[in-house]
Amino acid sequence: MVMAVSLFVPSQLRRSLPSFPTFVDVPGPCDPEDLIDGIIFAATYLGCTHLLSERTPTKSARMQQAQEAMSRVRVSPPSTAEVDLFMSTQRIKVLNADTQESLMDLPLRTISYIADIGNMVVLMARGKMVRSRSAQENLDHAAEQTTMSHDDRRLYRMICHVFESEDAQLIAQSIGQSFSVAYQEFLRANGIDPEDLSQREYSDLLNTQDMYNDDLIHFSKSENCRDVYIEKQKGEILGVVIVESGWGSILPTVIIASMMHAGPAEKSGRLNIGDQIMTINGTSLVGLPLSTCQSIIKGLKTQCRIKMNIVRCPPVTMVLIRRPDLRYQLGFSVQNGIICSLMRGGIAERGGVRVGHRIIDINSQSVVATPHEKIVQILSNAMGEIHMKTMPAAMYRLLTAQEQPVYI
């Protein structure tokens with residue numbers, strides 16, 4: 001479940017804007033009026049656990065965290081409790097099913113992710129920032145679960161509450177719907193009618209636009225797709241850093257973000273930063289999580305000859321969003337220059353926007369050193385054809401020496 005804040009609210013309201021989703025209705029099992037008053041689901045509370053997380057992890061990383069939390073709680077000593085799960089556009093409460101005593105009271109805004117996995121529901125709320133490695137190690141054994149390799153990376157304590165219910169999917173859908181209804185109420189409270197721009201009008205706009213993404217043309221040209229053979233010593237690593245192409249990619253796979261000096265990949269002279277890896281030794285990497293792709297590459301250490309099928313791509317992605325009027329939401333959110341969420345089917349996705357990418361420039365104006373508020377203002381006021389250059393945020397940090405590469 002991705003909660004996207006659309007960039008369309010007037011700049012004078014931006015400072016007071018809570019991080020709720022777009023005003024477009026989110027399908028759900030509840031009437032909006034019921035969610036404003038509150039609705040109750042029966043569930044069994046299985047417990048909670050803490051994890052470490054980056055500020056804005058990918059959707060797949062969030063789901064992996066939810067699965068990890070569920071696994072931890074399952075192996076813990078049983079301390080289950082039958083509860084009533086109350087949710088509204090303001091808060092989520094956990095009440096003892098028998099006594100109705102409040103066991104937990106979470107403002108809706110503190111929930112950063114909801115996952116339904118079978119008959120389980122995981123609610124994740126971000127806690128305080130963890131500033132040092134020693135502090136991480138004191139957080140139970142959570143440091144062993146994180147892939148972070150640098151002490152200066154900002155990490156946050158994620159509090160994960162795990163519930164079991166036959167209505168797990170309905171619960172997750174209802175919470176997501178609560179965010180949407182809450183945002184509509186916020187707009188109305190600030191004098192904005194969320195129905196000024198109807199969904200039909202937005203759909204009509206989309207129907208007039210072709211999908212703009214260089215991938216569609218680029219990937220269809222045979223000269224851009226090639227087989228590459230890498231020779232290396234047995235036991236030697238390939239010498240690359242790979243990152244995700246970003247949620248919203250036409251063809252989601254991993255990208256070469258860095259190559260080790262004098263390593264096999266660089267010495268071959270056949271690979272470039274930005275190249276997307278389609279297959280390795282016949283194994284497709286398309287659609288696989290980053291961690292799985294990394295494991296596949298690490299598993300090549302004992303081999304001396306590696307065959308890779310790659311698509312030659314520049315490291316910078318070109319984006320073109322067509323927005324004829326400020327009434328039309330862009331359909332994505334940005335935090336400190338990084339695209340955090342994307343509304344499926346919106347004009348931003350059609351324009352080539354990808355989650356996890358760093359915006360480099362907007363309409364030929366560099367925003368690399370631009371404050372967050374200024375970037376939001378530029379996007380909020382942009383109309384017509386909006387040209388952007390983006391690249392995976394992880395690649396950007398490597399290229400600007402904000403992080404040291406860990407080669408595989």
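In the hairpin of strands E3 and E4, glutamine 100 takes a positive phi near 65 degrees. That hairpin has 5 residues between its strands. The model is predicted. This briefing covers strand pairing, salt bridges, a charged surface patch and backbone angles.

- Strand E3 spans residues 91–96 and strand E4 spans residues 102–107.
- The two strands pair in the antiparallel sense, over 5 bridges.
- Valine 94 faces methionine 104, which belongs to E4.
- A salt bridge joins arginine 91 to aspartate 105, with the closest N and O atoms 2.8 Å apart.
- Arginine 91 sits in E3 and aspartate 105 in E4, so this pair ties together parts that are 14 residues apart in sequence.
- Arginine 91 is partly exposed, at 29% relative accessible area.
- Aspartate 105 is partly exposed too, at 36%.

**Strand E1 and its partners**

- Strand E1 covers residues 39–53.
- One partner of E1 is strand E2 (residues 81–87), paired in the antiparallel sense over 7 bridges.
- Isoleucine 39 has methionine 87 in E2 as its bridge partner.
- Strand E7 (residues 155–164) also pairs with E1 in the antiparallel sense, over 9 bridges.
- Here the bridge partner of threonine 44 is glutamate 164 in E7.

**Other salt bridges**

- The model holds 8 salt bridges, counted with a cut-off of 4 Å between a side-chain nitrogen of Lys or Arg and a carboxyl oxygen of Asp or Glu.
- Side chains of opposite charge can pair when their charged atoms come close.
- Glutamate 68 and arginine 72 form one of these bridges, their closest N and O atoms being 3.0 Å apart.
- Both residues lie in helix H3 (residues 59–75). They are 4 residues apart, about one turn of the helix.
- Glutamate 68 is partly exposed, because its relative accessibility is 24%.
- Arginine 72 is buried, because its relative accessibility is 9% and the limit for burial is under 20%.
- Arginine 312 forms a salt bridge with aspartate 275, the closest N and O atoms lying 3.1 Å apart.
- Arginine 312 is in the loop between strand E13 (305–311) and strand E14 (317–323), and aspartate 275 is in the loop between helix H8 (264–268) and strand E11 (276–280), so the pair ties together parts that are 37 residues apart in sequence.
- Arginine 312 is partly exposed, with a relative accessible area of 22%.
- Aspartate 275 is buried, at 0% relative accessibility.

**A negative surface patch**

- Asp31, Glu33, Asp34 and Asp37 gather on the surface as a patch of negative charge.
- Aspartate 31 belongs to the loop between helix H1 (11–14) and helix H2 (32–37).
- Aspartate 31 counts as partly exposed, at 46% relative accessibility.
- Aspartate 37 lies in helix H2. Its relative accessibility is 62%, so aspartate 37 counts as exposed.
- The C-alpha atoms of aspartate 37 and glutamine 90 are 9.2 Å apart, across 53 residues of chain.
- Glutamine 177 is part of helix H5 (residues 168–189).
- At 6% relative accessibility, glutamine 177 is buried.

**Positive phi in two further loops**

- Most residues other than glycine have a negative phi.
- Asparagine 336 is not a glycine, yet has a positive phi of about 55 degrees.
- Asparagine 336 is placed in the loop between strand E15 (332–335) and strand E16 (338–342).
- The relative accessible area of asparagine 336 is 47%, so the residue is partly exposed.
- Serine 364 has a positive phi as well, near 65 degrees.
- The loop holding serine 364 runs between strand E17 (357–362) and strand E18 (365–366).
- Serine 364 is exposed, because its relative accessible area is 72% and the limit for exposure is over 50%.

Methods
Residues are numbered from 1 along each chain as its sequence is written. This is a predicted model: local features need pLDDT of at least 70, side-chain atom pairs count only at pLDDT 80 or more; totals for chains, interfaces and linings use all residues. Side-chain values use heavy atoms; hydrogens and water are left out. Patches are made of residues with over 30% relative accessible area and no salt bridge: like charges are joined within 9 Å, nonpolar side chains (Val, Leu, Ile, Met, Phe, Trp, Tyr) within 5 Å. Accessible areas come from the Shrake-Rupley method with a 1.4 Å probe; for residues, only the protein chains shown count as cover. Lys and Arg count as positive and Asp and Glu as negative; His and the chain ends are not counted. The place of a charge is taken as NZ of Lys, CZ of Arg, CG of Asp or CD of Glu. Buried means under 20% relative accessible area, exposed over 50%, partly exposed in between (1.4 Å probe, protein chains only). Two strands pair if DSSP finds at least two bridges between them.
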